[in-house]
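Visitor: I'd like to go through this model with you, starting with its charged side chains. Could you put it up?

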Amino acid sequence: MSIASHLTDKTDTICALATPPGTGAIAVIRISGREAFNICDQIFIPGSKKFQFNTVSSHTVHFGLIKSGDKIIDEVLLSIFKAPRSYTRDDVVEISCHGSVYIQQKIIELIVEQGARLAQPGEFTLRAFLNGRIDLSQAE
């Protein structure tokens with residue numbers, strides 16, 4: 001499916017690895033769209049009992065676990081960016097996890113299982129442009 005086919009529907013939630021695969025100790029997985037918080041709520045176990053996506057402030061970082069059922073996948077930091085104050089002007093979550101390729105792939109699989117789809121190359125920037133966050137010269 002091409003980026004062009006998504007120009008008229010910017011409502012789906014997308015995810016992708018935001019750092020080069022397998023090269024660092026830490027990896028960042030980005031999720032953007034109206035279901036970003038709901039998806040993360042299904043796989044993220046916060047370290048604080050007070051944490052709730054609907055009440056935390058934008059531009060905050062939260063410690064917790066990513067779980068698949070009862071299995072812990074990784075200890076992570078979640079960065080929360082609430083619409084419209086994010087790169088794409090949608091709700092955005094960035095999961096900072098350990099750099100293991102297995103962990104990266106497993107977390108992305110969990111996100112997709114919860115309803116997101118893999119982003120096309122450049123799609124976060126395309127959404128930022130379509131939502132008026134950046135202009136064409138910045139997108140280029």
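Visitor: Which residue forms a salt bridge with Glu123, the closest N and O atoms being 3.9 Å apart?

Guide: That partner is Arg127, where a salt bridge means a side-chain nitrogen of Lys or Arg within 4 Å of a carboxyl oxygen of Asp or Glu. Because Glu123 and Arg127 are 4 residues apart in helix α3, about one helical turn separates them. Please bear in mind that this is a predicted model, in which local features need pLDDT of at least 70 and side-chain atom pairs count only at pLDDT 80 or more, while totals for chains, interfaces and linings use all residues. Residues are numbered from 1 along each chain as its sequence is written, and side-chain values use heavy atoms, with hydrogens and water left out.

Visitor: Which residues are linked with those two in a network of salt bridges?

Guide: The network links Asp12, Asp90 and Arg117 with Glu123 and Arg127. Arg117 meets Glu123 with the closest N and O atoms 2.4 Å apart, and the side chains of Asp90 and Arg127 form a salt bridge at 3.8 Å, N to O. The latter pair joins distant parts of the chain, with Asp90 in the loop between β5 and β6 and Arg127 in helix α3, 37 residues apart; helices (H or I, at least four residues) and strands (E, at least two) are DSSP runs, numbered from the N terminus.

Visitor: Is Arg127 buried or exposed?

Guide: Arg127 is buried, with a relative accessible area of 2%, taking buried as under 20%, exposed as over 50% and partly exposed as in between (1.4 Å probe, protein chains only). Glu123 is also buried, at 2%, as is Asp90, at 16%.

Visitor: And what do the buried residues of α3 pack against?

Guide: They pack against β1, β2 and β7, contact meaning heavy atoms within 4.5 Å.

Visitor: How many strands does the open sheet have, and in what order?

Guide: The open sheet has 7 strands, in the order β3-β4-β5-β6-β2-β1-β7, with mixed pairing, and two strands pair if DSSP finds at least two bridges between them. Its edge strands are β3 and β7, each pairing on one side only.

Visitor: Changing topic, which side chain does Ser137 make a polar contact with?

Guide: The contact is with the side chain of Asp135, at 2.8 Å. A polar contact is a pair of N or O atoms within 3.5 Å; within protein, one must be able to donate a hydrogen and the other to accept it, and residues adjacent in sequence count only if both atoms are side-chain atoms. Ser137 lies in helix α4 and is exposed, with a relative accessible area of 57%.
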